Amino acid sequence: GAAAAVAVLGALIAAGTCDPRVLFAMARDRLFFARVGDVHPRARTPYVAVLVSAALAMLYVWVSTFEALAAQFVLGMWLFYALCVIGLIRLRITRPDLPRPYRMPGFPWLPALFLAASLGLLAQAAVALPLISLSNIAVVAMGYRVYRIWKRYSRS
């Protein structure tokens, strides 16, 4: 009980700190609405990104239960962990010439093992929680599609 509460609190603090900064960086890189990249003149914080992130969090809490949100958050994170490792492996294979300030221990076996474990966890979740798994995949697919559209229209 107490350990779970501490873990949930830690995840909330991490998300509440990091998520607005991701939106802020996306806006600054012209991958999201420019206004979200605004900085408060006095506090020097990404206040618009914090407000957008808070509004999205409130929307999630309003339309879902705690159990569903927790499952969706955890499974969504594992989906992104798997995608990050796929990206790492792909980048190291397709761009071996890039400088590597950090050596990956056990490459390619350790990332491949992590990827296999992640995909196994996600497959098990797809059987046990199919709606949550499908909604996470749908969010990633929609995000990718919106990104491609945004990139196309931002070039013009």
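Reply: Arg155 sits in helix H5, residues 130-155 (helices are DSSP runs of H or I, at least four residues, numbered from the N terminus). This is a predicted model, where local features need pLDDT of at least 70 and side-chain atom pairs count only at pLDDT 80 or more, while totals for chains, interfaces and linings use all residues. Residues are numbered from 1 along each chain as its sequence is written, and side-chain values use heavy atoms, leaving out hydrogens and water.

Arg155 is exposed, with a relative accessible area of 65% (exposed is over 50%, buried under 20%, partly exposed in between, using a 1.4 Å probe and protein chains only). Together with Arg145, Arg148 and Arg152, Arg155 forms a positive surface patch. For a patch, residues need over 30% relative accessible area and no salt bridge, with like charges joined within 9 Å.

As for salt bridges (a side-chain nitrogen of Lys or Arg within 4 Å of a carboxyl oxygen of Asp or Glu), a search of the whole structure turns up two. Asp38 pairs with Arg35, closest N and O atoms 2.4 Å apart, and Asp38 is partly exposed at 27%. Asp97 pairs with Arg95 at 3.8 Å between the closest N and O atoms; Asp97 is exposed at 59%, while Arg95 is partly exposed at 38%.

Terms used:
Patches are made of residues with over 30% relative accessible area and no salt bridge: like charges are joined within 9 Å, nonpolar side chains (Val, Leu, Ile, Met, Phe, Trp, Tyr) within 5 Å. Accessible areas come from the Shrake-Rupley method with a 1.4 Å probe; for residues, only the protein chains shown count as cover. Lys and Arg count as positive and Asp and Glu as negative; His and the chain ends are not counted. The place of a charge is taken as NZ of Lys, CZ of Arg, CG of Asp or CD of Glu. Helices (H or I, at least four residues) and strands (E, at least two) are DSSP runs, numbered from the N terminus.
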